[in-house]
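Work through the exercises below with the sequence and the structure in view. Each task is followed by a solution in steps.

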2 protein chains.
Amino acid sequence: MHTSPTPDPSLSHRRRRVPLTVLGTDGSPLPDTEVTVAQTRHAFAFGNIGFDMVALANDEAGGGSAFGGAAAGLEELADLWLGVFDTATLPFYWGAFEPQRGRPDTERLLRTARWFADRGVRVKGHPLVWHTVQPDWLLDLPLDEVERVQRERIRRDVADFAGLVDTWDAINEVVIMPVFVNGDNGITRLARSVGRIAMIRLAFDEARAANPRATLLLNDFDMSTAYECLIEGVLEAGVQIDAIGLQSHMHQGYWGEERTLEVLDRFSRYGLPLHMTETTLLSGDLMPPEIDDLNDFQPTSWPSTPEGEARQADEVVRHYRTLASHPSVESITYWGLTDDGMWLGAPGGLVRADGTPKPAYDALRDLVRGEWWSGPRASCTDAEGRVEVDGWFGDYVATLRGQDVPFRLEPTSTPMVRLPH
Amino acid sequence: MHTSPTPDPSLSHRRRRVPLTVLGTDGSPLPDTEVTVAQTRHAFAFGNIGFDMVALANDEAGGGSAFGGAAAGLEELADLWLGVFDTATLPFYWGAFEPQRGRPDTERLLRTARWFADRGVRVKGHPLVWHTVQPDWLLDLPLDEVERVQRERIRRDVADFAGLVDTWDAINEVVIMPVFVNGDNGITRLARSVGRIAMIRLAFDEARAANPRATLLLNDFDMSTAYECLIEGVLEAGVQIDAIGLQSHMHQGYWGEERTLEVLDRFSRYGLPLHMTETTLLSGDLMPPEIDDLNDFQPTSWPSTPEGEARQADEVVRHYRTLASHPSVESITYWGLTDDGMWLGAPGGLVRADGTPKPAYDALRDLVRGEWWSGPRASCTDAEGRVEVDGWFGDYVATLRGQDVPFRLEPTSTPMVRLPH
């Protein structure tokens, strides 16, 4: 039976106020002890793409992939990135990742993933199967060979990154996959031949086999009933989806609260977590509504404007509040940090091309690392060795007697820390 | 593997030129014998709704269902109907068929089905499950009870009409079924709870159990990828669909050859027959393109115009030629004969409200019962008792020595007739 959770603007489903019990090395409660509690990461994934950091992590000059890449100021960008976000999406577009058959870009991406992991950032891979950015060498292969190498590439890459990248967009934009006409490619041919659900099964089977602990997403931009129909077919077919990925590139305007909640209501009724995988809000002119494929509109100049920046700051906060209010949403990934190298050249970044933060950056930081964040708070344990913790679910650290002891704030378990020595 | 058949404007897939062997009562060929061969029905279904004839078959005054019903001149309308069409769709809208629980309109519909069958017309029922025109008494029932009575109604009606009605729209418009918001109804609630594919399985399982010989359709107006996704899910789930029903109410304008062929290409790749279940072309002003639900536009006056009638006649012939050119199409049902009582009050009939045929009627009759029809043709058998037959697949009669002997022209078998006595 399908039912949708009810949104709760108070965000009571995100947070908890609960006593933390502080124990000494011998396991007995420590009364009247000064303890500082500070959050270190949200359980909720506040994500952004980490494409810009590939160059930084590899000590290269920046700039220049088809899907974004800042050219300069990478160290400063990295600080801005880490000031808000805790989950990075890395690019595994097959055609860019393995332009020459048998020579995948594994080492560079591994270094990038490690760069993020070293900074406490979770890493996600995007995407394992898609009909766009395909390697040219796929075009000449017969269909059964396309299927074989697609399966092999999934197994290889998921295995190579297991432990560092444990969340994947297993397959991207399947609704249009078999009817995609903007460029010949092997994947559309295969999808047209075997059908959408067989393509999804292929992606999930191979990724699951290579990393059974991975969180695997079906991801799409199509918010219509088509995606619902596809999901229902996949579930009926017994393919295990770990989360439903919903894109929301709002180049043609902010959805608004009503539409956002309507979308969440429709897609939450399958009982699966929702990941808002690709979120864009512009700080300049909107794309005309008659554009169907966003890629068809790329003006030579698309500036960020003061009015646009004020609007974007308002909308990004409203959007994040709406998404957070829905219990099914577990992740929001913004699609880019800076306008420098932004997808489509659009002013969708939270940082201007010159590296200065837009109002939306500050607003989002104030929300995610301010209002929704538990900064260091010092207090004294009571007679039973307890201090109150009040914050969003996530990772925390208690500091006492010069030692940092991590703990996790979760929906049900009772939090406790014990001095190691 | 999914592949789409290729259209053939020569219609070679519809017809055959082949010798008919004529045998005497003793089974030996009859040479030098005069034989007249005439077609009696197409194998291809040229359909129309038969709603107007419910009143005629039941000796009632005409007029007045929500989905069409002419008020007058029923005998003349019947002649016009039979002058082109060979397959009738009858209304089984649950709310109209069983407005009072336990008192279905079975007898009236049985008489109507028999009226058509007596005139050589195949009869189809529409629809067994739909979220519109629901009985009011369903609204107060709990969901499990809604499901139970829906199942029972399918079994009852399919069984009651087996032998007379062996083709059914098992379920209608599933793409929007769980998200339909234009009026509370039990079926949308059920579909939202159990999902689209479970609804489809329910409909097909019950109808199949009640009449294993029935041709069962999934029918929809949504020609987008949503319907493709739904079909692929249903096929993966192992539900046996006998034909895919495609509506084409073109109140907002003729699709044209290109779009029509594109739709046929996409939906033919599942290897299933396509039935064009609901076809409308207007002979007056078009409905504005911004109207989303056709039911939302019902002007007080919507006249048929001379220019509109000329356009409609042109379009109806082009549309039927395009559909006939595609090997997957096995059936075209036009949605109404006369503007009198036409759905939405639209001038979509082939006959004016005053009972006179529009140019589209004459054009369609000239096509279906003229160019595509084999009228009586007299010839003499050769030395081996053969005459040539050249026509569309279907039912024929050979008349010789004062006797009528029926035979069938089929794609492969060799036609033969034998004098009974």
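Two strands pair if DSSP finds at least two bridges between them; strands (E, at least two residues) and helices (H or I, at least four) are DSSP runs numbered from the N terminus. This is a predicted model, in which local features need pLDDT of at least 70, side-chain atom pairs count only at pLDDT 80 or more, and totals for chains, interfaces and linings use all residues. Residues are numbered from 1 along each chain as its sequence is written, and side-chain values use heavy atoms, without hydrogens and water.

**Exercise 1.** Find the bridge partner of Asp395(A) in strand 14 of chain A.

Solution. Step 1: strand 13 (residues 394-400) and strand 14 of chain A run antiparallel, joined by 7 bridges. Step 2: the partner of Asp395(A) is Arg408(A). Step 3: Arg408(A) is on the uncovered face of strand 14 (residues 403-409), together with Asp404(A) and Pro406(A). Step 4: the two strands form a hairpin with 2 residues between them, and Arg401(A) in the turn has a positive phi of about 50°.

**Exercise 2.** Decide whether Asp86(B) is buried or exposed, and name side chains in polar contact with Asp86(B).

Solution. Step 1: locate Asp86(B) in the loop between helix 2 (74-82) and strand 4 (87-91) of chain B. Step 2: its relative accessible area is 3%; buried means under 20%, exposed over 50%, partly exposed in between (1.4 Å probe, protein chains only). Asp86(B) is therefore buried. Step 3: its side chain makes polar contacts with those of Thr87(B), at 2.7 Å, and Arg122(B), at 2.9 Å. A polar contact is a pair of N or O atoms within 3.5 Å; within protein, one must be able to donate a hydrogen and the other to accept it, and residues adjacent in sequence count only if both atoms are side-chain atoms.

Definitions and conventions
Chains lettered and ligands numbered in written order.
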